[in-house]
Amino acid sequence: MPVIRNIELYVPKKEWNWAFVRETRCMAFLYSRLLPKLKTEDYKGIQIFCLENMEEKQKLDVYDHLMFDYFPVFVVTDVRRFFEMSDADKKREAAAIVHEGMKIAAVTFDWDGAVFDEIFQQIKDMNYQNIYPLMKKSSPNRKYVCRIMCHHEVHEIGVYMELAKRNGRVIKREKIFSSDYTDDQSLLQAEWSLVWRLNHKIEFANDTYQNIWRLTFLEKEKPEELVWRVQREG
């Protein structure tokens, strides 16, 4: 049976849809990441139609807009007001829209609605921060872990190189690039390389090796004296 793995927001007005989806994706993906295994007979995702009013639903040919293998739900959203909000308020509003849509889906599929209330509360407790790993790898001497972390915001996905001890304590992180294309799949499905060249040197690159980031570091007795250098080629 298919499992619901993704939530997509959609505005039938083409002139609004691209920007709205781009600016709400950080919360739609965060909510998607926190979902338990929700099995259905036919669907792999939920598509939330954001309408000006429910009368708009009667005029809409859903199948002209519906993503394949996605189940549609409909919520009333003031999209114009959304665009006037601050980024922090956009995150809160986007999370609330997704939550409302998922509660509607829960009724249809007879899912336990309390599960979604817990997810929504967890998002609030996380202060609406969507941070997730792109990849990670341990050093040859097993003392360190290098993680490439995505910080998913309203207008961009920032990509950070992060170094941690085996016990989880982060030594340092540095932003290496950002993408203003906020579709997470463009990063997660791309082919990346993360290779330790030495115990204190690591290389991160894209699939064509046109862009390479090399981190060289050396710990000192005092943490503030850490030697740290990230160089980019390409």
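A cavity is taken here as a set of points, on a 1 Å grid over the protein atoms alone, where a 1.4 Å probe fits but cannot get out, and its lining residues are those with an atom within 4 Å of a point. The model is predicted, so that local features need pLDDT of at least 70 and side-chain atom pairs count only at pLDDT 80 or more, whereas totals for chains, interfaces and linings use all residues. Residues are numbered from 1 along each chain as its sequence is written, and side-chain values use heavy atoms, with hydrogens and water left out.

The count comes to 1 cavity of 30 Å³ or more, and the largest cavity holds about 40 Å³ of space, a volume being the space filled by probe spheres set on grid points joined across faces, edges and corners. Its lining consists of Val11, Pro12, Lys13, Trp16, Cys50, Leu51, Glu52, Glu56, Thr77 and Val79.

Among the helices (DSSP runs of H or I, at least four residues, numbered from the N terminus), H1 (residues 14–33) and H4 (residues 87–109) have axes, fitted as lines to C-alpha atoms over the stretch in contact, that come within 9 Å and cross at roughly 65°. In this contact (heavy atoms within 4.5 Å), the H1 residues include Phe20, Glu23 and Tyr31, and those of H4 include Lys90, His99 and Met102.

Aromatic pairs (ring centres within 6.5 Å, the six-membered ring being used for Trp; edge-to-face if the planes are over 60 degrees apart) number 17. One of them, Phe20 with Phe83, is edge-to-face, at 6.4 Å centre to centre and 90° between the planes. Because Phe20 lies in helix H1 and Phe83 in helix H3 (residues 79–83), this pair ties together parts that are 63 residues apart in sequence.

Terms used: 1 Å grid on protein atoms, 1.4 Å probe; cavity = no way out; pocket = protein on both sides within 12 Å on 5 of 7 lines; lining within 4 Å. Axes fitted to C-alpha atoms, helices over the stretch in contact; angles between N-to-C directions. Helix = DSSP H or I, 4+ residues; strand = E, 2+ residues; numbered from the N terminus. Phe/Tyr/Trp six-rings, centres within 6.5 Å; stacked < 30°, edge-to-face > 60°.
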